[in-house]
Amino acid sequence: MRKIRLNKPKITPSFVILWIFIAMCLVPLYIMIIGSLKPNMTLFVIPPDLNPFDVIIKNYEYVFTKLNLFQWYGNSLFISGMIALLTVVVSSAAGYAFAKKRFFGKKVWFAILLATMMLPRQILLVPNFLVAKSLTLNDSLMGVVLTSLNVAFGVFLCKQFMSTLPNEMMEAAQIDGCNDFSTFFRIVLPLSMPALGALAIFSFIAGWNDFLWQYVMLTTKSLRTMPIAIAFLSQEKIAYIGYQMAGAALCAIPMIIIFIIFQRYFIKGITVGAVKG
Amino acid sequence: MKSTVLSKKRRLKENIASYLFITPWLLVFGVFVAYPFVYGFVISLFDFDLVKQTFIGLENYKNLFSDEMFINSILATLKMCAIIIPGTIIFSLWVANTIHNRRKSLQSFTKVVFYLSAIVSEVALVIVWQWIFNPGYGLSATITDALKMPRIDWLGDVNFALPLVSYLVLAFTVSQPIVLYGAAFNNIPDTYYEAARIDSASQWKQFTKITLPLIKPTTTFVLITTTIGSLQVFMVPYLLTAGGPADGTTSILLMIFRNAFEYGKYGYAAAMGVILFIIIAIFAFFQFKATKSDVQY
């Protein structure tokens with residue numbers, strides 16, 4: 001149906017204010033990127049030189065050659081990649097059972113799942129750490145992965161998506177001789193790719209940006225991830241703001257690229273995971 | 001007779017298969033959620049550090065309520081929540097309303113911009129903010145100089161530091177509500193507004209009488225998730241102000257972190273975790289009760 005609009009949108013005061021807020025969101029990112037491309041001194045003068053056409057790459061040279069950047073990148077990549085992979089594996093399997101199977105205790109388990117979705121994870125900070133320590137999972141990358149799996153949301157998302165797949169398709173597969181597992185791998189998983197993709201990206205970014213848990217778990221210097229490393233860079237309070245900005249930009253840019261490429265998944269993932277309004 | 005035996009067998013098979021499918025989730029849930037949850041309550045009753053574990057009953061809780069630092073952190077967290085929660089709701093509702101009915105390209109551009117702050121590591125942004133709000137050389141000093149105002153020590157004065165920390169947390173939390181409200185607005189049939197216009201209802205009346213009631217489920221969701229999130233503020237105060245000035249921005253989670261991982265008082269910190277859980281549960285319960293609508297549209 002064509003939408004009829006009587007009052008045509010025009011430039012209103014709230015529209016102008018919106019653009020001010022948009023600018024306020026973009027200014028820190030601009031400063032991060034341009035500041036990382038400037039000699040250190042330019043950020044100590046008033047007014048600072050933030051001209052984007054006069055830049056140097058000295059800070060990046062330093063960060064790449066003098067700091068263990070590749071190690072930090074590798075650690076972060078491993079942690080977030082494994083979190084994304086395991087979250088998708090665990091969530092899709094459980095999501096399938098909740099969406100399409102009938103089993104004893106399903107309602108109870110699903111209620112528990114919903115309850116844990118709302119459970120604030122951070123209140124478990126201390127007991128989780130002690131449990132991880134007693135399982136000798138602390139100070140290991142794989143330990144961080146296993147203890148960071150926040151699968152309740154993932155299971156719910158997969159369940160919501162898989163419920164929309166037609167049952168006839170699965171029945172046809174069963175008639176053609178598929179058992180539960182081959183139906184899952186050959187029919188359900190391929191059809192659920194949009195939801196699984198969104199879930200993988202969400203978990204990857206959450207794993208990449210997580211600070212507190214990785215900070216608590218990883219004490220060995222060689223195991224530091226990007227956020228921890230750049231936090232130390234800034235807390236050492238050295239006067240090299242250029243290096244700090246370069247580190248921050250290197251932590252932020254991969255996520256910005258992933259976000260821009262997979263933008264559509266995000267909007268979809270957010271609305272599927274929440275309620276219908 | 002034979003068929004019921006067969007279906008019984010089939011049902012058993014389906015049960016086994018289903019449990020195999022949910023086993024990985026059950027393991028993660030059991031080991032890293034359910035067990036720590038119970039364990040947290042248990043160790044809150046102990047004088048628990050890495051050397052000794054002595055049962056002391058409710059001693060930790062008794063000490064908590066006479067611990068001025070802890071009371072102070074509750075107050076600081078509530079003050080931040082008082083800014084973050086209404087701020088998030090009003091701001092995201094306002095943005096979604098402003099871009100609604102605008103060009104599609106503008107809608108997605110706005111969502112992308114606000115989402116950028118949420119996907120960029122908070123640690124990375126805190127580094128930039130540290131520079132912006134440095135009274136000696138930051139961008140804020142440039143602006144106050146240009147306005148011929150005295151320079152302000154933003155992060156050194158609690159009257160500025162607390163609202164500032166809250167604003168920066170808010171900047172991370174608004175993106176999801178904006179998208180959710182956008183989707184909720186799109187679900188409202190245009191005919192409602194057409195009818196209202198025929199009755200010559202004002203824009204404001206249309207908003208309060210049609211839009212707001214119809215998006216109530218979204219508001220409930222946003223309200224509860226924002227509350228849960230902002231009661232657990234940690235990263236921005238820890239990195240930007242280190243809980244200062246004079247512990248003015250020390251959140252509850254920051255207190256838990258310090259007691260557990262700096263002083264090694266795990267039992268005491270676990271008791272704080274229990275109190276935080278109770279606070280969150282009370283908030284969520286009353287918000288759910290208050291915003292739940294019996295009316296179905």
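1. Fourteen helices and two strands make up the secondary structure of chain B; helices (H or I, at least four residues) and strands (E, at least two) are DSSP runs, numbered from the N terminus. The radius of gyration of chain B is 25 Å, well over the 19 Å that the globule rule gives for 297 residues, so chain B is more spread out than a compact globule. That radius is taken over C-alpha atoms, and the rule is 2.2 Å times the number of residues to the power 0.38. Along its principal axes the C-alpha trace spans about 90 × 70 × 30 Å.

2. This is a predicted model, in which local features need pLDDT of at least 70 and side-chain atom pairs count only at pLDDT 80 or more, while totals for chains, interfaces and linings use all residues. Residues are numbered from 1 along each chain as its sequence is written, and chains are lettered from A and ligands numbered from 1 in the order in which they are written.

3. Chain A has an average pLDDT (the predictor's confidence in each residue, from 0 to 100) of 86, and 91% of its residues score at least 70. Where pLDDT is low, the predicted coordinates should not be read in detail.

4. Chain B comprises domain 1 (2–43) and domain 2 (63–291), with bounds from an automatic or database domain assignment. Their C-alpha centres lie 37 Å apart.

5. The contact between the chains takes 76 residues from chain A and 80 residues from chain B; two residues are in contact if their C-beta atoms, placed from the backbone, lie within 7 Å. Helix H1 (residues 2–43) of chain B supplies the largest share of the chain B side, 19 residues.

6. In chain B, 41% of the 297 residues are buried, that is, 20 or more other C-beta atoms lie within 10 Å of their own, with C-beta atoms placed from the backbone. The buried residues of H7(B) include B:Leu164, B:Val165 and B:Phe172. Their cover includes helix H1 (13–35) of chain A as well as helix H3 (68–99) and helix H11 (216–230) of chain B.

7. H11(B) has 15 residues and reaches 21 Å from its first C-alpha to its last, close to the 21 Å expected at 1.5 Å a residue; the expected span is 1.5 Å times one less than the number of residues. Among its buried residues are B:Phe221, B:Leu223 and B:Ile228. What covers the buried residues of H11(B) includes helix H4 (106–118) of chain A and H7 of chain B.

Definitions and conventions: Buried ≥ 20, exposed ≤ 12 C-beta atoms within 10 Å, placed from the backbone.
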